[in-house]
Amino acid sequence: MNQFLQALINGLLLGGFYAVMVLGFSVLWGVMGVINLAHGEFLMTGAYLAWLLFNSFSIDPFISLLLIMPVMFIVGFVMQKYLLNQLLERPSLATLLATFGISVILANVHKIIYTADPRNVAVPYSGSFEVMGFSFPIIKTLIFVIALGIMLGLYLFLQYTRLGKAIRAAAQNKNAARIVGIDIEKVYAITAGICIALTAAAGAMISPIQAIYPFMGQPFTLKAFTMTVLGGLGRIPGALLGGMLLGIAEVMVATYVPGIGTNLGVVISLLVLILVLILRPQGLLPGLRKMQTD
Amino acid sequence: MKKFSRILLRKWGVFPLWGLLILVLSAYPSTGASSIDLFTATQVFLWVTLASNWNLIGGMTGYLDFGHAVFFGIGAYTMGILVTNTSLAFSPNLSFWQALPWTGLVSVIFALLIGWATLRLKGPYFSIAMLSTFAATRELIRILRPITGGGSGLDLPPVLNRVGDYYFMLILMAIVVSLMGWIRRSKLGMSLVAIREDEIGAEMRGINTTFHKLFAFAVAAFFTGLCGAFWAWQNTYIDPDVVFLQNRNILMIMMCMLGGLGTVWGPVIGALILYLLQDSLWSNLADYHLLVLGILLILIILFVPYGIIGTLKNNNISFLELLNLGNKTKAKFK
């Protein structure tokens with residue numbers, strides 16, 4: 001029983017990270033129908049920036065994400081404005097291929113800059129503390145708390161600010177939003193900026209416990225896809241649910257199936273994805289946008 | 001005479017030219033070509049075959065398969081396991097020709113199992129499910145250490161036969177491209193294009209869409225598996241990272257995009273151009289070659305979405321129309 005509860009706690013902590021990791025992907029998809037195949041590569045970019053700041057100026061990753069987010073906001077804004085907005089009227093597979101191209105470019109730019117050697121951010125507080133006999137790794141708990149904070153912030157932003165309302169309107173009906181005077185292209189670019197900034201923040205947070213290398217991105221993209229399909233597109237509770245479910249599933253398999261460890265993450269996410277798409281293709285929660293399965 | 005040639009072209013297209021090209025190419029090794037030239041030519045044939053296969057499912061049927069290299073890997077590993085005697089679990093130790101049919105068969109079975117699940121998904125969902133399949137299979141191969149050798153890979157018996165390799169790949173390419181041309185003109189190909197253009201409509205016209213999709217998928221997987229098996233034999237060493245290489249997915253897609261999705265000759269031209277480009281990039285600026293390819297992919301999407309052949313056809317370029325390259329319908333990127 002104790003082992004089970006400990007695994008559940010680990011799963012929830014991992015799920016908290018997954019939830020904040022998937023936010024950018026989910027909102028981007030929910031608001032403008034862009035499936036961002038470069039998601040994992042933006043996360044990797046954030047992790048590398050955190051490593052750079054930690055290594056050169058010894059800024060803690062949890063502080064440097066305040067510097068990384070504005071930079072990556074600009075990157076996302078530019079990407080949407082000058083590339084993806086050009087493909088708005090084209091079939092959705094054009095944007096899919098374009099983001100695929102971006103993922104190749106980002107991974108290889110980082111390989112050229114930093115070489116393919118794995119890096120890690122060795123923060124001084126990497127232990128764990130105990131509450132009622134269960135151990136809580138400090139970094140993962142910190143990520144969990146910050147993740148919940150970010151999600152709450154984004155939820156309030158989307159729900160109550162003028163810009164947030166414009167973003168939701170653009171997601172619901174592009175043309176109607178245009179009629180009431182929303183500058184769709186600008187709103188899209190800002191949304192992409194926010195999403196990429198969040199993704200990079202997730203990357204910065206994971207940097208102390210994950211080896212950073214240029215090709216680390218793909219599993220994150222694939223898992224983000226599964227979680228988004230699981231939880232519904234563009235909804236923050238959905239991201240939380242999808243992240244928790246996948247995190248728990250992964251930790252449970254790692255705990256109870258011997259000799260495998262966490263190597264099966266992508267396999268599990270593929271199985272979950274296929275099961276969900278066959279049994280409940282509309283996702284577990286209603287999303288911002290209907291999933292167009294045809 | 002002119003009328004006769006026009007009828008001939010309409011009926012057979014450029015296939016007589018294609019046959020002539022194959023004949024000319026088959027004489028190439030006897031002209032005293034160097035070993036390295038033969039190797040390059042073999043690689044070009046390999047990529048033409050791969051791109052044509054991808055085009056069957058991605059271009060004609062409209063299911064953009066982002067993980068098609070998984071069949072390449074399955075073929076390579078089947079070959080590796082069957083011919084090697086180093087694997088711990090069992091050592092069948094077959095010869096190349098004995099193992100070859102099994103590699104195709106295993107790829108087809110794998111394709112039917114995977115396709116049964118993933119081909120229900122449409123558009124981006126299928127693409128990502130296949131990308132997941134690709135990554136998941138790589139992880140599974142790495143974990144199944146007793147059979148596949150895990151991360152340290154398998155060593156195949158070293159056999160150096162450049163001329164034999166050349167003819168094997170030339171014949172495979174000739175078969176595959178001719179088959180694609182035939183499929184494109186047959187009722188089967190029409191059904192596939194109908195599925196691409198409007199799947200529900202096709203189903204209402206009485207086309208068994210599930211059968212057609214699975215068939216196209218299995219054919220593409222069969223030949224891709226053979227290519228993988230050949231590659232493993234030629235390379236004499238396989239491990240999960242060199243076999244399940246993400247670049248292979250990207251290149252297959254880009255070759256079809258550059259040449260023209262859904263056309264018969266697009267992948268041939270695209271593969272020729274891109275392989276030679278990639279080869280020269282690789283030897284001149286190895287670190288940057290994937291970066292350049294990524295930028296190229298985005299440029300193709302932005303500026304030549306229909307590919308070379310598709311753009312020419314959409315603009316009714318006359319001599320190509322006379323040559324009747326492929327079909328009259330617009331190569332539509334869907």
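## A predicted two-chain model

Chain B has a mean pLDDT of 82, with 88% of its residues at 70 or more. Do keep in mind that this is a predicted model; its overall scores are ipTM 0.81 and pTM 0.82.

| Element of chain B | Residues | Mean pLDDT |
|---|---|---|
| helix 11 (highest) | residues 209-235 | 92 |
| helix 17 (lowest) | residues 318-323 | 42 |

Over residues 318-334 of chain B, pLDDT stays under 50, and the model has 38 contacts beyond four places in sequence for this stretch. Where pLDDT is low, the predicted coordinates should not be read in detail.

Let's turn to where the chains meet. Here 35 residues of chain B are in contact with 32 residues of chain A. On the chain B side, helix 6 (124-143) and helix 15 (289-303) are the elements that give two or more residues. Helix 6 of chain B supplies the largest share, 13 residues.

Now for chain A itself. Its secondary structure amounts to eleven helices and two strands, in the order α-α-α-α-β-β-α-α-α-α-α-α-α from the N terminus. With a radius of gyration of 19 Å, close to the 19 Å that the globule rule gives for 294 residues, chain A is therefore as compact as a globular protein of that length. Its C-alpha atoms fill a box of roughly 60 × 45 × 35 Å along the principal axes. Of the 294 residues of chain A, 52% count as buried. Among contacts in chain A with a separation of 6 or more, 79% are between residues 24 or more positions apart.

Methods: Residues numbered from 1 in each chain as written. Chains lettered and ligands numbered in written order. Predicted model: local features only at pLDDT ≥ 70, side-chain atom pairs only at ≥ 80, totals over all residues. Contact = placed C-beta atoms within 7 Å. Helix = DSSP H or I, 4+ residues; strand = E, 2+ residues; numbered from the N terminus. pLDDT = per-residue confidence, 0-100. Rg over C-alpha atoms; globule rule 2.2 N^0.38 Å. Buried ≥ 20, exposed ≤ 12 C-beta atoms within 10 Å, placed from the backbone.
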